[in-house]
Amino acid sequence: MRNSACSGRWSLLSGAVVLSLLAGPALAADPAPQGPVPQSDLLNAELWMQRSVEYKANALAVYALGRIQLDKALADKNWTAATEQTGNYQELPPAVVLDLDETAMDNSAYQTGLVTSGTDFSPKTWDAWVKAEKATAVPGAVEFTQYAESKGVKVFYVTNRSADQEEPTRRNAQALGFPMGGNVDTFLMSKEKPEWGSAKSARRATIAKDYRIVLLFGDNFGDFTDAANGSEAERMKAYETVKEHFGRDWLMLANPGYGSFESAPYGHNFKLSADEKRARKIGALEPWVAPAQ
């Protein structure tokens, strides 16, 4: 009986070994959490933006569409993307306008740092991130801007990074390969002039005086219209009046991490507590609840 039992155990072990070899190397078990796991509303959004194929594919598709639309715009002198464009703009040199953060430059390392540390955005840590010059390029952004420059199109960056962050931003962008504009200041920062606040219309209007703006790129409604900071109802009404632009001359990158979409449910009141913000966001949802069994 002992030998028979040993033989049976050996047969089972041999089979397990064969299956293991066929399956390839075994994966080590993930370690158990050491202490509490940080809880963050950003987790899924930043996991998607930093690690997913889907995010990269989405960004590449937007910039591929940008090339197609740019060629159409260059062939049509009446084409303009800017609602601020006025007068006889048809003979002005062409330009494209891009937001920087999460449109051209990827700050997911900063965002994921908030997740893993269990902290929130702060101007102090954001300033340190900008001055570290560690942002990477959003997939397709450098290639598109270089293509635009090769077609004689001036590339402008209208960003809500502040004026005192311009130099590290320029160095970071140049290191990534973005066109720098030559002798034209193509980086239009927030607070660079007294009238340049977080709303971007005034900066687009400045560009539109000397250039025909043919495409706008952004990850936030506010990269296209100043109506972004209204209530949810006001934002939807504004969207209905401008939606024909999207996919034509306004090209939107996906950013589920932050933006005016996220703050609209709590009235853009950033002084509220995290729980108050979360409660109002949950209240803005339109759920379907399964019937009780």
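This is a predicted model: local features need pLDDT of at least 70, side-chain atom pairs count only at pLDDT 80 or more; totals for chains, interfaces and linings use all residues.
Local features require pLDDT of at least 70 and side-chain atom pairs pLDDT 80 or more, while totals for chains, interfaces and linings use all residues. Residues are numbered from 1 along each chain as its sequence is written, and side-chain values use heavy atoms, with hydrogens and water left out.

On a 1 Å grid over the protein atoms alone, a cavity is a set of points where a 1.4 Å probe fits but cannot get out, and a pocket is an open set with protein on both sides within 12 Å along at least five of seven lines; lining residues have an atom within 4 Å of a point. There is 1 cavity of 30 Å³ or more. Val-97, Leu-98, Asp-99, Val-158, Lys-200, Arg-204, Phe-217 and Asp-223 line the largest cavity.

| Space | Volume | Lining by class |
|---|---|---|
| Largest cavity | about 40 Å³ | 4 nonpolar, no polar, 4 charged residues |
| Second largest pocket | about 340 Å³ | 9 nonpolar, 4 polar, 3 charged residues |

Of the 16 residues lining the second largest pocket, Phe-221, Arg-235, Met-252, Ser-260 and Phe-261 lie nearest its centre. Helix 9 (232–242) gives the largest share of this lining, 4 residues.

The axes of helix 3 (residues 53–74) and helix 6 (residues 141–150) come within 9 Å and cross at roughly 15 degrees. Helix 3 is therefore roughly parallel to helix 6 (angles under 35 degrees). The contact (heavy atoms within 4.5 Å) involves Tyr-63, Gly-66, Arg-67, Leu-70 and Asp-71 of helix 3 and Ala-141, Glu-143, Phe-144, Tyr-147 and Ala-148 of helix 6.

Conventions
Grid points are joined across faces, edges and corners, and a volume is the space filled by probe spheres set on the points. Ala, Val, Leu, Ile, Met, Phe, Trp, Tyr, Cys and Pro count as nonpolar, Asp, Glu, Lys and Arg as charged, and the others, Gly among them, as polar. Axes are lines fitted to C-alpha atoms, for helices over the stretch in contact, and angles run from 0 to 180 degrees between N-to-C directions. Helices (H or I, at least four residues) and strands (E, at least two) are DSSP runs, numbered from the N terminus. Angles under 35 degrees count as roughly parallel, over 145 as roughly antiparallel, 65 to 115 as roughly perpendicular and the rest as oblique.
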